[in-house]
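Here is a short briefing to read alongside the structure.

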Amino acid sequence: EIDIPASAWEIKAIFPTRPGDDVIAEIKAYIKAFGTPHLWRGHTHAPPPKDGPVVYLDEIHLPSSHCGDLNRHKWSPCPICSPRHPKFYKAGMIAWFPDEQAIRIIGPECFASFNLEGHSAAYAAFRREQDERRTEAFLLSHLGQVGDAIAVIEHNMETIKEIDRVREIIARRIPIVIDFDLWHHIRADQRLRTEHE
C-alpha cells in the first residue's frame with residue numbers, strides 16, 4: 001500500500017482554463033526527477049466524477065528506475081482505479097477535468113472504467129492533436145525547402161496534371177468499364193491478388 005498524503009486528496013481547482021505546454025513540461029520534469037506523479041503539486045488524487053468531461057493533455061512514463069515488474073513497488077497509483085496501490089509505470093495520462101478545474105495523472109485507460117464514451121472521445125481527440133502537432137513540427141522543420149518545392153512543382157506542372165488525370169481514370173473510370181472494384185483486389189504492396197495466393 002502506498003502512503004498518500006492528505007494534501008494529495010484535496011481537489012486542486014487551480015486550472016480554470018486548459019493547461020498549456022508550460023504546465024505539461026513541469027509535470028514531466030517532476031515525474032522524471034521523482035517518479036511520483038501523485039505527489040506533483042497540482043495533482044488531485046480524489047477520484048473524478050463519473051459523468052464529467054475529461055481532456056487528455058499528454059502521455060507520461062515513469063523513469064527507468066520505476067519501470068518493469070521488478071520495480072512494481074515504485075509504480076504510480078491511479079486516483080480512479082487504484083488510489084493506494086501501484087498501478088502503472090508507462091503510458092499514463094495527464095488528464096484535465098474542466099468542470100473541476102483539476103488535473104489528475106491517471107492510468108492509460110482507467111477513466112474508461114468510469115466513462116467509456118467520455119474516455120474514447122477524449123482519447124481520439126488527444127490522438128488527433130498529437131498527429132496535428134507532429135505534422136506542424138514536420139512542416140516547420142522543412143519550411144526552408146518550400147521555395148525549392150514550389151519551383152519543382154511549377155517546372156513540372158504538365159507532368160503533375162497528367163499524373164492526376166491518370167489517377168482519375170484509374171480510380172473512377174476503370175471500375176465502371178470492367179464492372180468490378182479493381183482496388184479491392186490489389187494488395188497494400190501494390191500487387192494484384194489472385195485466387196492462388
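The largest nonpolar core in this predicted model has 28 residues. Inside that core, the residues with the most contacts are Ile27, Tyr56, Ile103 and Ile106. Helix 2, strand 1, strand 2, strand 3 and helix 4 each supply at least two residues of the core, and the largest share, five residues, comes from strand 2.

- Three strands form an open sheet in the order 1-2-3, and their pairing is antiparallel.
- Strand 1 (55-60) and strand 3 (102-106) are at the edges; each has a single partner strand, so one side of each lacks a neighbour in the sheet.
- On average, and with direction ignored, neighbouring strands are turned by 20° against each other.
- Strand 1 and strand 2 (residues 92-97) run antiparallel and are joined by five bridges.
- Isoleucine 60, for instance, has glycine 92 in strand 2 as its bridge partner.

**Helices on the sheet**

- Helix 2 packs on the sheet, where it touches strand 1, strand 2 and strand 3, and its direction makes about 35° with that of strand 1.
- Helix 4 (residues 116-141) also packs on the sheet, touching strand 1 and strand 2, with its direction at about 65° to that of strand 1.

**Two loop residues to look up**

- Histidine 38 sits in the loop between helix 2 and strand 1. Is histidine 38 buried or exposed? Its relative accessible area is 8%, under the 20% cut-off, so histidine 38 counts as buried.
- Apart from residues up to four places away in sequence, histidine 38 touches Ile2, Ile4, Ala8, His43, His45, Ser76 and Pro77.
- Threonine 17 lies in the loop between helix 1 (6-9) and helix 2 (21-34). Because its relative accessible area is 57%, over the 50% cut-off, threonine 17 counts as exposed.
- How many Å separate the C-alpha atoms of threonine 17 and leucine 143? The separation is 32 Å, for two residues that are 126 residues apart along the chain.

Key
Residues are numbered from 1 along each chain as its sequence is written. This is a predicted model: local features need pLDDT of at least 70, side-chain atom pairs count only at pLDDT 80 or more; totals for chains, interfaces and linings use all residues. Side-chain values use heavy atoms; hydrogens and water are left out. Helices (H or I, at least four residues) and strands (E, at least two) are DSSP runs, numbered from the N terminus. Buried means under 20% relative accessible area, exposed over 50%, partly exposed in between (1.4 Å probe, protein chains only). Two strands pair if DSSP finds at least two bridges between them. Axes are lines fitted to C-alpha atoms, for helices over the stretch in contact, and angles run from 0 to 180 degrees between N-to-C directions. Contact means heavy atoms within 4.5 Å. A nonpolar core is a set of buried Ala, Val, Leu, Ile, Met, Phe, Trp, Tyr and Cys residues joined through side-chain atoms within 4.5 Å.
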